[in-house]
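Welcome, and please get your viewer ready. We will take a short walk, from the whole chain down to single residues.

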Amino acid sequence: MVLAPTHYWYEAHKMSLLAVGVVAIVVAFAISSFFSKDAASFPPRVPSILPWFGTALSFISNPDEFLARCQKQYGNVFRMLLGGREVVVVCSAAAISSIYTTDPNTLGAQEMHQTLYYAVSGSKGSSAEVHGIVTHLILPILDQRLSRRAMGDLTAPIALAMYSKIKPYAQMKSARVPLRKFLTQPLCYATNLVMFGSRYPQNVYEDLNTLDETMTERFYGVPFWFWPSEKARRRMLGQIRDYLSTEDISEEDGWLGAAFKRSFRDHNTGLHEACNHFLALQWGMQANTFGIALWLFLFLLRHPDAFLAVRNEIDKAIKEDFGDLESFVTNVKPQILEKPCFALLTSALLETMRLTAIFIPFRVAKSDFQLKEQGKTVTVRKGEYILGSVQAVHMNENSYTDHHKFVFDRFAHGEHREGRLPTEGRPWFSFAAGKHLCKGRHMAMYELKMVAILYLHLFDFTPVTNGSSPWWPPQTASRNLGIPR
């Protein structure tokens, strides 16, 4: 028999008591979570057994699936504890519209801006400074320089640059290519050349994709193998530093780049902060556009009738209005891409975004805020968060019959209105809404249409399986940011 010293017994006893205490706290929290709220309370609370963490583990593991499961069980509005944050989740079109139209001084987006800035750049920065630069410097420039009117002078140059990159493939009888890279590398080159000029490096595509592959993990703060993407980020930041450091500002800096360089200097923005914001801008302009381009072609390849109908529409428009592709690319304008002759293409793009958009507007209440839901008043207290589930709205059978299907002509039969998307009367939030409409929505739509027109007019596509694995449905990650990856 061995006799343990009293000190060891005492320490072991303390640890046992500590463990018992922790278990008691967790049990007490679980009991209070389940029973402290009346079953008829509104909005209902999602129960959890973990103090502070709440539902965070379930949410982070698969946000879309978790929110869909909660909506099915608790309805269109519910509360949950999410990593120390008290969050009200809304899943109806009216409530999400309220989030987007409410004054930013009431529902603030600072935390979202800060989180994205850190995820992309790796620099925390001051929340107030990051939000100030985004709202007072970056967004006004985008609002002006990427407006529908401004895009009139940019659409043809982007189309020509893109066409110059893909034209050599049209001379080949056949080629086996990775679809995403084939579609988006020329788009990346063309956009950067026109927007940021010839001074901006044209070899950022691979690094941008490497960084994007880890953005979901960075955003949600989960473990991942970071080194390849960290090296890619450092290379891009170094190139951006060289680009922003030139003494003069000229046409070689591009339509958008020159404006940012001038504004950063006028506002005495530090070079380090300017580089970080520029990298976030580069990622934000292109990552989701790349994803939508890929998903459009995946859906079209999956539905041959849709593929044929959209291709025939494109071929007919080019032949009747321009005679050949070169004339079309040289003279294309936003007004041309918005014409009814591209109604099916426009509809297919909007339907792709409806099915793939998983954006989650996330705001913090700066003062008590109320919204109406299910005929009742929902109060969001100062300091609490409100989260809108856009996917729940886009997948609502009452708004979209056969909501889970790709109906390529779903948006093709409404009244055509120049400069407006044919989504009126339907809850469609892929470009946000109200005061928070995406500043790059015009550029994104014109770019995506040009990708579809060029590739569908020039090439035939045949999906190639990878060994015994079918190409459909594509394997996507359980966590996504913006577009399924």
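Residues are numbered from 1 along each chain as its sequence is written, and side-chain values use heavy atoms, with hydrogens and water left out.

**Stop 1: the whole chain**

Select the protein chain and colour by pLDDT, the predictor's confidence in each residue, from 0 to 100. The average is 88, and 92% of the residues score at least 70.

Now select residues 1–39. Here pLDDT stays under 50, and the model has 16 contacts for this stretch beyond four places in sequence (a contact means heavy atoms within 4.5 Å). Where pLDDT is low, the predicted coordinates should not be read in detail.

Switch to a cartoon view to find 19 helices and seven strands. These are DSSP runs, numbered from the N terminus: helices are H or I with at least four residues, strands are E with at least two. The chain's radius of gyration is 25 Å, close to the 23 Å that the globule rule gives for 485 residues, so the chain is as compact as a globular protein of that length. (The radius is taken over C-alpha atoms, and the rule is 2.2 Å times the number of residues to the power 0.38.) Along its principal axes, the C-alpha trace spans about 90 × 55 × 50 Å.

How many of the 485 residues count as buried? The share is 49%, where buried means under 20% relative accessible area, exposed over 50%, and partly exposed in between (1.4 Å probe, protein chains only).

**Stop 2: Q286**

Select Q286, which lies in helix α13 (residues 271–302). Is Q286 buried or exposed? At 2% relative accessibility, Q286 counts as buried. Show its neighbours too: leaving out residues up to four places away in sequence, Q286 touches C188, T191, N192 and L208.

**Stop 3: F359**

Next, select F359, in the loop between α17 (343–356) and β4 (362–365). With a relative accessible area of 25%, F359 is partly exposed. Beyond residues up to four places away in sequence, F359 touches N288, G388, V390, S430, G482 and I483.

F359 and P223 are 22 Å apart in space and 136 residues apart in sequence.

Methods:
Predicted model: local features only at pLDDT ≥ 70, side-chain atom pairs only at ≥ 80, totals over all residues.
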